[in-house]
Amino acid sequence: MTDTPISKKTPSKRKPSKSKSKTDTTKQQLTDSTVDLKERLTQKRKAAQAKKELTSFLFAAVGAGLFLGIILFLVGGIKIAVPGVLGVIVMSLSYKYPKQALIFFIVYVPFGGTITYYLGNSPILQLAKDAFYFPALIGLWQNLKKQRLPLLIPQGIKTPLFILLGFCILTLLVVNGSQQFNPPPSAPFKPAPKEFPLGMGILGLKVFLGYVPLISCIYYTIRDKKDFLRLARIQILCILICCVLGIVQYMLLLVGVCEGTRNATGDALFKASIEARCYFGGALIYSPSEGMIRLPGTFVAPWQWAWFLISSTFFTFASGFSDPSILWRGISLGSLAVVFINAVISGQRIALALVPVCFILCLLLTGQLGNLKKFIPILGGLVIVLALAVISNPEVIQERTESFTSRWEASPPQEFIVNQFEEVWKNVDGPIGSGLGRATNSARAMGETKLIETYYPKVLHEVGIFGVLAWLGFVTSLTIICFQTSRKIKNRNFRSYAATMWVFILFISYNTYYYPLDVDPVAVYYWFGAGILMKLPEVDKMERLKEEQLERVQSENSKVKSQKSKVK
């Protein structure tokens, strides 16, 4: 009997059962749902806590405001009490929620003139926008201090800014101080003027350099692409609403709902009058029989409206050529069209001249001239709208053109600027100027001011030749840094927006005709645009990192899918 060899069985490879994979998937889903539930509960707790904190803080602010309002009512009546109560509430909330306050501040600027006159034209209301800005600046500065982050952005302007600030403080202490404590003798048979030169100097310094920190405020307010687009689109909506109201204002004057100054006599036909106000904004001139129209739009004065239209050209251009949404590009270019229409009907010669020039400047310096093919349908529609407006109102176009050419021939801008420089150079008190605030319109309540209608001669009058050179160095460094920053951006849309803001900063930095940097809205928009530009490289970097992460996840998912298919 032979023994048969016993064969050894080789262990067979087991395939993972479907039931086990289903169990793992179910466990993963349960884990994910548990995590999502925890996140939702955490968010709800945070929202409830924030709501409770806001309610308690609001009650405290209202209580403090009412207490102050009662005191102000007993002292000066209801006209002082109401702004006092509102001021306490607004400043408290702005300090507590600085980022939201800064957005309200940007929104308030173009509507401030209209709101001021609706609430009674109190001098306190002229400074209402600062109730949002300065408390928000203090609150943001304290938050940054806790996080050990720098307040001054960009760091490259630190040295020129401190040099300029040093000359300003020197002028404030030496010139304004001597005027305060050793005033010049009054003219014979005239009472000594009641002045507060130090207060005038402080207010003049606030107008001159007070909004420089807005660069940092906007920089820290924008956290990501979503914040940037929200802020840019809010600006476009403000421009669109204001320009539509400007057209409505013109139509109300045209059809006779508002009389304007058409029934005035003598010199009143040619002077802006608050009595002629037409629902929005402040003082205006509407004397069509004399060919004299100067509309204020939503602002206090016509020249502020003109510079709003000029600055709006840059913001509408930037969003019109760089917003990722085709809808918002269309809205932005439509806003640009109504800016052009208002430049014609407002009667402002400088707006009529500079709005087209700024548009062409943006096309040339931002490189968008080569991308016009993409926007031909939209631009064609805008051209048709503008052409219809011109054809339907040929008298208005002819009148504005003749007014512009006659003004240019009578007083060419270059001669006007040179004459202003010569006059100020002869009459300035010394190398550190005649005193801060002495040529600032908003400081006239604190003493005698001089009207100087060009910016660099105005700076020369206030802080002297050293101050002018320091200011020139400061804006030059800011302009160079903005240009270098815009070149770092890789994303085409972000880069286009940043390039437009740089052109705006370049244009305003060296503009000496009139004094837009002293008044709303350019006094705010100049620094606002710089703040957006400074943040865009970081926004661009974050978006590129997100895209890289998304690509990495997609590649990993594709690898997993391919491995699963091989196993099957």
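Which helix gives the most to the nonpolar patch? That's H1, with six residues. Let's look at this patch first, then head inside.

Keep in mind that this is a predicted model. The chain's mean pLDDT is 84, and 85% of its residues reach 70 or more. Residues 1–18 are another story: their pLDDT is below 50, and beyond near neighbours in sequence the stretch has zero contacts in the model.

**On the surface**

The nonpolar patch covers about 960 Å², and its members include Phe-67, Leu-74, Val-75 and Leu-86. Two elements give two or more residues to the patch: helix H1 (18–76) and helix H2 (78–96). Take Val-75, which sits in H1. Is Val-75 buried or exposed? Its relative accessible area is 70%, and exposed means over 50%, so Val-75 counts as exposed.

**On the inside**

Now for the nonpolar cores. Here are two of them:

| Core | Number of residues | Some members |
|---|---|---|
| Largest nonpolar core | 111 residues | Leu-214, Trp-471, Trp-527 |
| Another core, apart from it | twelve residues | Leu-252, Tyr-286, Ile-293, Ile-345 |

In the largest core, Leu-214, Trp-471 and Trp-527 touch the most other members. Helix H15 (residues 455–487) supplies the largest share of this core, 13 residues.

What does Leu-214 touch, leaving aside neighbours within four places in sequence? Its contacts are Leu-102, Phe-105, Tyr-133, Val-524, Trp-527 and Phe-528.

Definitions and conventions
Residues are numbered from 1 along each chain as its sequence is written. This is a predicted model: local features need pLDDT of at least 70, side-chain atom pairs count only at pLDDT 80 or more; totals for chains, interfaces and linings use all residues. Side-chain values use heavy atoms; hydrogens and water are left out. pLDDT is the predictor's confidence in each residue, from 0 to 100. Contact means heavy atoms within 4.5 Å. Patches are made of residues with over 30% relative accessible area and no salt bridge: like charges are joined within 9 Å, nonpolar side chains (Val, Leu, Ile, Met, Phe, Trp, Tyr) within 5 Å. Accessible areas come from the Shrake-Rupley method with a 1.4 Å probe; for residues, only the protein chains shown count as cover. A salt bridge is a side-chain nitrogen of Lys or Arg within 4 Å of a carboxyl oxygen of Asp or Glu. Helices (H or I, at least four residues) and strands (E, at least two) are DSSP runs, numbered from the N terminus. Buried means under 20% relative accessible area, exposed over 50%, partly exposed in between (1.4 Å probe, protein chains only). A nonpolar core is a set of buried Ala, Val, Leu, Ile, Met, Phe, Trp, Tyr and Cys residues joined through side-chain atoms within 4.5 Å.
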